[in-house]
Amino acid sequence: ADPIGRATTARDVIDALAAHTDLCGFADRLTDSTDRSVAHNDAKLANFLFRDDRAICLVDLDTVMEGAAYFDVADLIRSGTSKADEDDPEAAAHGARAELVDAILDSYTRARSSTTPRENLEVATLCVVYEQALRFATDHVLGDAYYRTTRPRQNLDRARGQLVLLESLRVLFGR
């Protein structure tokens, strides 16, 4: 659907999203193959409360429910490892910082004494970044109805940035 005629402004993003549809089935398979537990379901960096550069708790608890921890780790990687702010209109700046990705993945597996294969965490990360790019692009096409914006095409810029992040993560993970 293109209710306000914006799809043409997002054609490059729509085409790029179509090139990553291989990720669509992975999320369901990961969710089905893991034990469900309490998950935050929005564990982006902005939802952590810090004191003296140390995370002390996770806030914004309206999304807490049964889920898969893979996706909490993945959203933390998505939101905390980009070289640019999510709203940065310069899409090329959005590549992942490999050292932070590795630190998050290594810390998670150590802290949980996890038997979760790193491969599953990597695939979950790709799925979450893809989903967020899709959500930003959809919101742009639908008229910015969900995500708050402060300038024209902000959600389209966000989608482009997530796609650059996705590409850099695919290279980093060899996928």
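Trainee: Which side chain does asparagine 47 join through a polar contact?

Mentor: Please bear in mind that this is a predicted model. In it, the side chain of asparagine 47 forms a polar contact of 3.5 Å with the side chain of aspartate 60.

Trainee: Where is asparagine 47 placed, and is this residue buried or exposed?

Mentor: Asparagine 47 lies in the loop between strand S1 (37-39) and strand S2 (48-51). Its relative accessible area is 7%, under the 20% limit, so asparagine 47 counts as buried. Leaving aside residues up to four places away in sequence, asparagine 47 touches His40, Asp42, Cys57, Leu58, Val59 and Asp60.

Trainee: How should I read the strands here, and in which sense do S2 and S3 pair?

Mentor: As a general idea, side chains in a regular strand alternate between the two faces of the sheet. In this structure, S2 pairs with strand S3 (residues 54-58) in the antiparallel sense, over four bridges. Arginine 51 stands opposite arginine 54 in S3. The two strands form a hairpin with two residues between them, and aspartate 52 in the turn has a positive phi of about 50°.

Trainee: What describes two packed helices?

Mentor: The angle between their axes and the distance between those axes describe the packing. Here, helix H1 (residues 11-18) packs with helix H6 (residues 154-173) at an angle of about 35°, and their axes are 10 Å apart. The crossing of H1 past H6 is left-handed.

Trainee: Which residues make the contact?

Mentor: H1 contributes Asp12, Val13, Ala16 and Leu17, while H6 contributes Leu156, Ala159, Arg160 and Leu163. By class, the contact of H1 with H6 has six nonpolar residues, two charged residues and no polar ones.

Key. Residues are numbered from 1 along each chain as its sequence is written. This is a predicted model: local features need pLDDT of at least 70, side-chain atom pairs count only at pLDDT 80 or more; totals for chains, interfaces and linings use all residues. Side-chain values use heavy atoms; hydrogens and water are left out. Axes are lines fitted to C-alpha atoms, for helices over the stretch in contact, and angles run from 0 to 180 degrees between N-to-C directions. A crossing is left-handed if the near helix is turned anticlockwise from the far one by less than a right angle, and right-handed if clockwise. Contact means heavy atoms within 4.5 Å. Ala, Val, Leu, Ile, Met, Phe, Trp, Tyr, Cys and Pro count as nonpolar, Asp, Glu, Lys and Arg as charged, and the others, Gly among them, as polar. Buried means under 20% relative accessible area, exposed over 50%, partly exposed in between (1.4 Å probe, protein chains only). A polar contact is a pair of N or O atoms within 3.5 Å; within protein, one must be able to donate a hydrogen and the other to accept it, and residues adjacent in sequence count only if both atoms are side-chain atoms. Two strands pair if DSSP finds at least two bridges between them.
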